[in-house]
Amino acid sequence: MSFRVMVLGAGSIGVYVGGSLAAAGADVTFVGRPRMLDEITAHGLRLTDLDGHDIRVEAGQFRTATEPSGDADLVLIAVKSADTESAARQLSGLLKPGTVVISLQNGIGNDAVIREVLPACVVLPGMVMFNVVHHSGGRFHRGTAGGVAIADDPVLNRFAPVFGTSGLEVKHYPDLLPVQWAKLLLNLNNPINALSGRPLREELGNRDYRRCLALTQREALIAMDHARIRPARLTPLPPELMARLLTFPDGLFQRVAGKVLAIDPVARSSMADDLAAGRKTEIAWLCGEIVSLGTMVGIPTPVNRRLIELVHRAEDGDRRTWSGAELLAELTAAAAS
């Protein structure tokens, strides 16, 4: 049975997920900025991944709009976290009661913001666990492993057949919050990658950058422990052991955690893309979440605070590229202060 999907936020993630559903037969409308909509209307979509899949979706297989409408059974919100409330307010008064709305965003608590604005809808938290690289000509490339995680709810049964044939690996969780916190731990690499100026695989293959990530994660794990937050296990080892493994020499790290480096050579973090495009980043919803949690439980978080400062400087025009040794020295000094 076909259903109508509205993707609010036609960026790389939104287009890849929505395009996969369109390829599986869903009636998909992308809502976003004219620049992106013009490109995908002119070229259609080409969805590729690091596993070798190559799917084409002709422009006639989806619709585009610059403003949302109420004509949707399922809404996927894929805007930046800073735009969550304004996106939800765009939908207020448009959607039918009971419409399913899924947040596919970084950070913690976006679904609560949406639910407050859209109390008559079924609002569920979700997360996209992979990275998407946008190439010109309507090509969107999944550059890392992973699927889509969604909080479980019976309302999702209606959409299961199309999701099941979309090529997206969809997992339902009774409680998504531990997954969100675990994904946040992994996303603490986003500012490090953005400041490094290197592709993800190259950056994570460098021990000094990994030691930077270990500093941020250890700080976050201490704050989470005091808040009695238990992040899910998303990597070959539990988060605490993974933070330790990050500091191992390159050869040993690659042998033990080779899957972590199963990344397309050109893939970069979304934060690196934002800085390159002159956009504001989601640093407040990544390192900022750790700083806020630390403040709440009385745990200092100087490493994450320093990363926020460095990213804000980059947003303001400081395009310095940090070597692993330079960034490690900077964050180590912050931790010791």
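This is a predicted model: local features need pLDDT of at least 70, side-chain atom pairs count only at pLDDT 80 or more; totals for chains, interfaces and linings use all residues.

Reader: OK, helices. At what angle do helix 7 and helix 14 pack?

Author: About 45 degrees, with the axes of helix 7 (residues 189–196) and helix 14 (residues 302–315) 10 Å apart. Axes here are lines fitted to C-alpha atoms, for helices over the stretch in contact, and angles run from 0 to 180 degrees between N-to-C directions. Helices (H or I, at least four residues) and strands (E, at least two) are DSSP runs, numbered from the N terminus.

Reader: What do you call that arrangement of helix 7 and helix 14?

Author: Helix 7 and helix 14 are therefore oblique to each other. Angles under 35 degrees count as roughly parallel, over 145 as roughly antiparallel, 65 to 115 as roughly perpendicular and the rest as oblique.

Reader: Which residues make the contact?

Author: Helix 7 brings P191, I192 and L195, and helix 14 brings L307, L310, V311 and A314 (contact means heavy atoms within 4.5 Å). By class, that contact of helix 7 with helix 14 has seven nonpolar residues, no polar and no charged ones. Ala, Val, Leu, Ile, Met, Phe, Trp, Tyr, Cys and Pro count as nonpolar, Asp, Glu, Lys and Arg as charged, and the others, Gly among them, as polar.

Reader: And what about helix 9 and helix 15, at what angle do they cross?

Author: Roughly 25 degrees, and the axes of helix 9 and helix 15 (residues 324–336) come within 8 Å. Helix 9 and helix 15 are therefore roughly parallel to each other.

Reader: Who meets whom there?

Author: D208, Y209, R211, C212 and L215 in helix 9 meet G324, A325, L327, L328, L331 and T332 in helix 15. That contact of helix 9 with helix 15 has seven nonpolar, two polar and two charged residues.

Reader: Switching to cores. Which residues touch the most other members of the largest nonpolar core?

Author: W181, L195, M224 and L327, out of 49 residues in that core. Helix 9 (residues 207–226) gives the most to this core, with eight residues. A nonpolar core is a set of buried Ala, Val, Leu, Ile, Met, Phe, Trp, Tyr and Cys residues joined through side-chain atoms within 4.5 Å. Buried means under 20% relative accessible area, exposed over 50%, and partly exposed in between (1.4 Å probe, protein chains only).

Reader: What does L327 touch?

Author: Not counting residues up to four places away in sequence, L327 touches I192, L195, C212, L310 and W322.

Reader: Now L286, where is that?

Author: L286 lies in the loop between helix 12 (270–276) and helix 13 (287–297). L286 has a relative accessible area of 1%, so it is buried. Leaving aside neighbours within four places in sequence, L286 is in contact with N106, L184, N187, L188, N190 and M271.

Reader: Is S103 buried or exposed?

Author: Buried, at 3% relative accessibility for S103. S103 lies in strand 7 (residues 100–104).

Reader: Last one: what about the phi of R228?

Author: R228 has a positive phi of about 60 degrees although it is not a glycine. R228 lies in the loop between helix 9 and helix 10 (239–245), and R228 is exposed, with a relative accessible area of 73%.

Definitions and conventions: Residues are numbered from 1 along each chain as its sequence is written. Side-chain values use heavy atoms; hydrogens and water are left out.
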